[in-house]
Amino acid sequence: MRKLMMIFIASLFLIACDSNRVYDQYKAIPNSSWDAENVVEFEVPITDTISRNNIYINLRNNKDYEFNNLFLITQIEFPNGTNVVDTLEYEMTTKDGHWLGKGSSDIKENVLFYKENVKFYLEGTYKILVEQAMRKSSDVEGNDPLEGVSDVGIRVEKVKN
């Protein structure tokens with residue numbers, strides 16, 4: 001009985017620690033090989049039109065990722081059909097080549113800031129699309145496929161007051 005009580009208390013603690021989470025989902029990239037045509041899509045249901053939110057792109061990469069940065073093209077499609085498109089660049093390593101992501105194995109998890117203090121004015125389902133846009137300096141066509149990315153995720157969380 002005591003063990004059950006401890007598990008229950010620990011579960012409540014874990015739930016309370018993530019009380020600001022609105023949405024958090026990953027999608028696997030097959031064979032850690034992200035094709036340029038493989039646009040990763042997330043459907044984010046929004047019911048709170050009052051709170052402000054931060055949006056993060058979460059990315060897991062492995063040792064096969066060969067770049068020190070990452071270019072992404074993102075799109076948010078509002079429930080009314082309006083679209084916002086952004087081209088983003090993130091650093092993936094320090095200047096001396098050490099991974100910025102967290103993790104003790106070959107897999108590194110990166111939390112990349114996407115949008116800050118966003119207020120969703122419309123209730124409904126927002127689509128967030130993420131595609132890789134990596135290019136080598138001499139390559140106009142792009143790096144297709146992009147090796148070493150195993151998962152892409154979106155996290156929306158309420159801004160803490």
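Is R155 buried or exposed? R155 is buried, at a relative accessible area of 13%; buried means under 20%, exposed over 50%, partly exposed in between, with a 1.4 Å probe and protein chains only.

Before going on: this is a predicted model, where local features need pLDDT of at least 70 and side-chain atom pairs count only at pLDDT 80 or more, while totals for chains, interfaces and linings use all residues. Residues are numbered from 1 along each chain as its sequence is written, and side-chain values use heavy atoms, leaving out hydrogens and water.

Now the salt bridges. The term covers a side-chain nitrogen of Lys or Arg within 4 Å of a carboxyl oxygen of Asp or Glu, and by that rule there are seven. In one of them, the side chain of R155 meets that of D24 at 2.8 Å, N to O. R155 sits in strand β10 and D24 in strand β1 (residues 21-28), 131 residues apart; strands are DSSP runs of E, at least two residues, numbered from the N terminus. D24 is partly exposed, at 35%.

Next, D86 and K115, also 2.8 Å, N to O. K115 counts as partly exposed at 21%. As for networks, salt bridges with shared partners join D24, R155 and E157 into one.

Last, D151, also in strand β10, which spans residues 149-158. D151 counts as buried at 15% relative accessibility. Leaving aside neighbours within four places in sequence, D151 contacts residues including Y26, N58 and R60, where contact means heavy atoms within 4.5 Å.

Methods: Helix = DSSP H or I, 4+ residues; strand = E, 2+ residues; numbered from the N terminus.
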